[in-house]
Amino acid sequence: MSGAHGNGHGAGVPHEPVFTGEPLRRLEALFPKYPTKQACLLPALWIVQEERGWISEPAMAEVAQVLGLTPAYVKGVVTFYTMYHRHPTGRHVIQVCTTSPCGLCGAEDTLRALLRESGCGELGATSPDGRFTIVEVECLGACGFPTPVIVDEDFVESVSPATVPALLARYA
Amino acid sequence: MGWPHPSHPIEEPVLSRHFGDPAARTWDGWVARGGYEGLKRALGMTREEIVEVVKASGLRGRGGAGFPTGLKWSFMPKPSGKPHYLVCNADESEPGTFKDREIMRWTPHGLLEGVAIGCLGIGAERAYVYIRGEFTEPWRVMNAALAEAYAKGALGADAMGSGRRIDIVLHRGAGAYICGEETALMNSLEGKRGNPRIKPPFPAQAGLFAMPTTINNVETLTAVPHIITRGADWYRGLCKASPKSTGTKLFSVCGHVQRPGNYELVMGTSLGELLWDACGGAPEGREIKAVIPGGSSVPILTAEEARATVLDYEGVAAQGSMLGSGGVIVMDDTTDMVYQIWRLTRFYAHESCAQCTQCREGTAWTAKILERILAGQGKPADLDLLLDLADNMTGKTICVLSDSCAAPVVSGIRKFRHEFDAYIAGTREPVMAGV
Amino acid sequence: MTAPAAPAAPPGPPAPPPLVNVTIDGVTVQVPPGTSIIEAAKRAGVLVPHYCYHPSLPSPAVCRMCLVEVEKMPKLVPACVTTVAEGQVVHVASPSAKKARQGVLEFLLINHPLDCPICDQAGECELQDFVFQEGRSGSRYDEYAKRYNPVEEFGPDVLYVANRCILCTRCVRFMDSVAQEPVLNVSERGDRAFIGIAEAQRLDHAWAGNVVDLCPVGSLISRDFLHKARAWDLDKAASVCGGCSQGCNVMLDTRDDVVVRVRPRPNLDVNRHFICDHGRLDYRWMNRGDRVEVPRVLRDGRLVDAGWEVALPRLAALAGEGGGPVVLLASGRASVESLGLLRRLVGDRPVTAAVQVPLGEEAPLAGVPNLALRAERVPNAEGARRLGYVAPWDAAVDAAAGAALVILLDVAVDAALGARLSGLPGALVVLATAEPEALRDAALVLPVTNLAEETGVFVNRDGRAQRYSQAKAAPGMARPAWWVAAEALALRGADAPGTAAQAFADVATAWPAFGGLTHADLGHTGRVLPAVAGAA
């Protein structure tokens, strides 16, 4: 249960800088490992997401400023990668693999069960209680363990409709 | 041993010997199992000697392309004052493939050792291991192992007391299949969109940060310590068919089999034995209909073709497909081939980086046509159109994602045309809502 | 300065490497090693269709439109990034290359709105052109097309119509590599990709407008030009930008004798393929309606309209030989021809000559050496200096109080300058484009043409003399200032030029700084004048 996602930072709220104190120290510790600051972009975005649960436009601009890039450049990179959330999410984000190998083994049934049991109803939506956001993702690289699901930073193998309620119960 | 199933007699566990054994994850556990012997030995060898051993072993890239590893290392320039980089491709995301994940989860030190030896083989002092963002558990395990390796002095400014510097940096991806393509991976590592690059320049000339770079797959590098300790002859001797394909290979089997999982086989083992013996064939009461032998990007085999296939680079090619990454996707007689091929094209449409026109537009268009067919709105001309689009998408783009989308469409229509025809003729119930 | 490709080398450069022979669609050409197939093809007279390639941008080889067949190569290759090799045989028009390009065109069109009737780019659209040239006659696309919000405002003058975009990324690369201010990006991926911008920034770089020219389709459009004219209704004239002393080569586009657009004209030595937004948008003065259209002469204490036949003898008399000191005050927009002939007109008299040069902020284009919007906001200050217009401006204005004759050539006269030039003891002759409202007591007001209405030469800050051509008709009786001076000279019996070319030759012969050059010598891209120590 490592996720600290979805803490209610919505659009329109003034941006509190992420890179002060400990997060800044974590980022600066990475600089010597790469010949360019730009190479720290993906790690910096991960830090933002860990701290805030999602990556807002002002946060992209802050990352740009810290790394000597432009906001548009950072946004182009953020939108390339599917794991960066560009909107606030529920407290727990669930990624469900439905690519062919898992699809052959019932991943779509598992996904439907997750959407139903979590109360999310549809993909990308947050459940009314604010607990879950469910997204469909492409191959999670665990095709021998259908259906693999990632909850926040927890990788869970072999989820089936039958095990969905117990899985969700682990996340408050 | 195999994983997560018990080992099967046809397996030859080398890399997978300690899968499922949590004690092997730690420094002490790994050393107790003979770990880091290879690195110690390599530190006493010249760069050229290391490359020669790897060349002589016949080891070929396990990521999909099968390029001879020693030869790749030999392309790296002589020392020139420029930094050289080794990049380990741990962005395993080819549908059907899940072997690198197990290597990192269970034997992280085995990979770190291989990466360190790789650095020595190409004259690099720093390596980056690019681990896909979704691999949360391998990420944690690898980080713990890396911290241990530094604490024990195996890595750093004075690796194993040799006076040589070997640094390894773990870098986390963020969700993009295309970053498994080596030049896209380099761009991603540099903090860019994961767009594949045009070649030349090749990575050995100007790769990561425009410096001479070698990129190797996780499985490839993990095999290297074994080759160093046990010798090239031993490795080359692991060969049941073509002498150009040596050693063991991890095959990930998924889909409609009784015992999915990873199987480590000597090159040249029969695919039929793997599927029908080791994996127990299709689930009870069903028959295997089709097999994609090398990850989702390679042409589909029928069950008969699969039974006749020898699992090495040459053997799978002889059946008109490719060994690829060794991800074997099995489909039984309940499988709707049209639906599965559509699902694959949707994957590629989702993952296209958007650079090349044919890929950006062609993958999405292909998926839309298949959706229409599945909705019962297909037209007789659609199959020819799909084949012509596939032709326009093959061999014309910077990387092969576009080709990979076309491959299952072409082989699917060729081998299972009647299933497409049934939707188009209206003799099969539509499975999708139309538009 | 004449070698087209070789960069400046230190003294005693090594002999250039031997040229490479390459055959393209049956035509063999010799090109320097390292030349791309697409550029070699141009020399062979073959245009390889392309979208992402642009000679002034890095090549990403992403549109895949320029795929060509090269003998002995297993696959089609992109002509933009494949360099020529000795003996290479290239087929641009082979069936396989054509099929590949037809495939690309079909892919590019599946989501394209085909709203050509309301698209500014229609008529000069590379998608239209190449589909017309070799596309399929119909689409096989039977699905729904993707649609974005119709128009996004990227900056003050640049609008983005995402539906028309073909993702060639020229605009992104221009901002990245040339402007070096990456405010545009490719957002998302796959067929969801579009050109994006961050909330925090606008496309307001001083050279941003170039993305509109670079866009091969009607996706990036200029608000200034929006729905103003159809491309095929425009007349085009090769000109030189009047906005500053850089001397960027431009095309003046006119419709019905109105300048409606300024676009860059390639000159690799001056502005490559670019112009700044100042130059691009600073053209409305060329269309001013408050023009002096008729010569006016002083009669009974009032300026009254008169014909040239009345005005020219007056000018000839006032500027006649043997008179007192003359002050020449000229605009930095005046041509070499006009500046030179005015000097000749008052040739033997003591002359104080000065050029008016308004100043502004410099705005360099980072990725191109020696290219900037220059502080001197006129095109011909250097030409004027080389013709002896070297007096300090204020001193020259002061000198007017002691002059027998003061001639103004298209000088911008504000109230303060007007006051300083009123009540002069000598005669005041004003050669004007716009109405000289602040000048009440001129003896002669003579209508002259502006740069859009005449042919002439400017000398840029680096001493490059460049010719510009007439783009529209002159209003009323306005004539080029050189013609006015020449006619007055002729009245005095001198041998005077009758055309701009003759006028330039006349000046270039008289002034060593111009080395006897002719209009023909200047060609389309100009010539750097010989360095002359102390042109004054």
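1. Two strands are taken to pair if DSSP finds at least two bridges between them. Helices (H or I, at least four residues) and strands (E, at least two) are DSSP runs, numbered from the N terminus. In chain B, strand 1 (residues 85–90) and strand 2 (residues 126–131) run parallel and are joined by six bridges. Within this pairing, Val87(B) stands opposite Tyr128(B) of strand 2.

2. The model is predicted: local features need pLDDT of at least 70, side-chain atom pairs count only at pLDDT 80 or more, and totals for chains, interfaces and linings use all residues. Residues are numbered from 1 along each chain as its sequence is written, while chains are lettered from A and ligands numbered from 1 in the order in which they are written.

3. The sheet of chain B is open, with four strands in the order 3-2-1-4 and parallel pairing. Strand 3 (167–172) and strand 4 (213–217) of chain B each have a single partner strand, so one side of each edge strand is left without a neighbour in the sheet. From one strand to the next, the twist averages 20°.

4. Helix 6 (residues 108–122) of chain B lies across strands 1, 2, 3 and 4 of that chain, running at about 145° to strand 1. Axes are lines fitted to C-alpha atoms, for helices over the stretch in contact, and angles run from 0 to 180 degrees between N-to-C directions. Residues are in contact if their C-beta atoms, placed from the backbone, lie within 7 Å.

5. Between chains A and C, the contact takes eleven residues from chain A and 15 residues from chain C. On the chain A side, helix 3 (57–67) and helix 4 (71–78) each supply at least two residues; helix 4 gives the most, with five residues.

Terms used: Contact = placed C-beta atoms within 7 Å.
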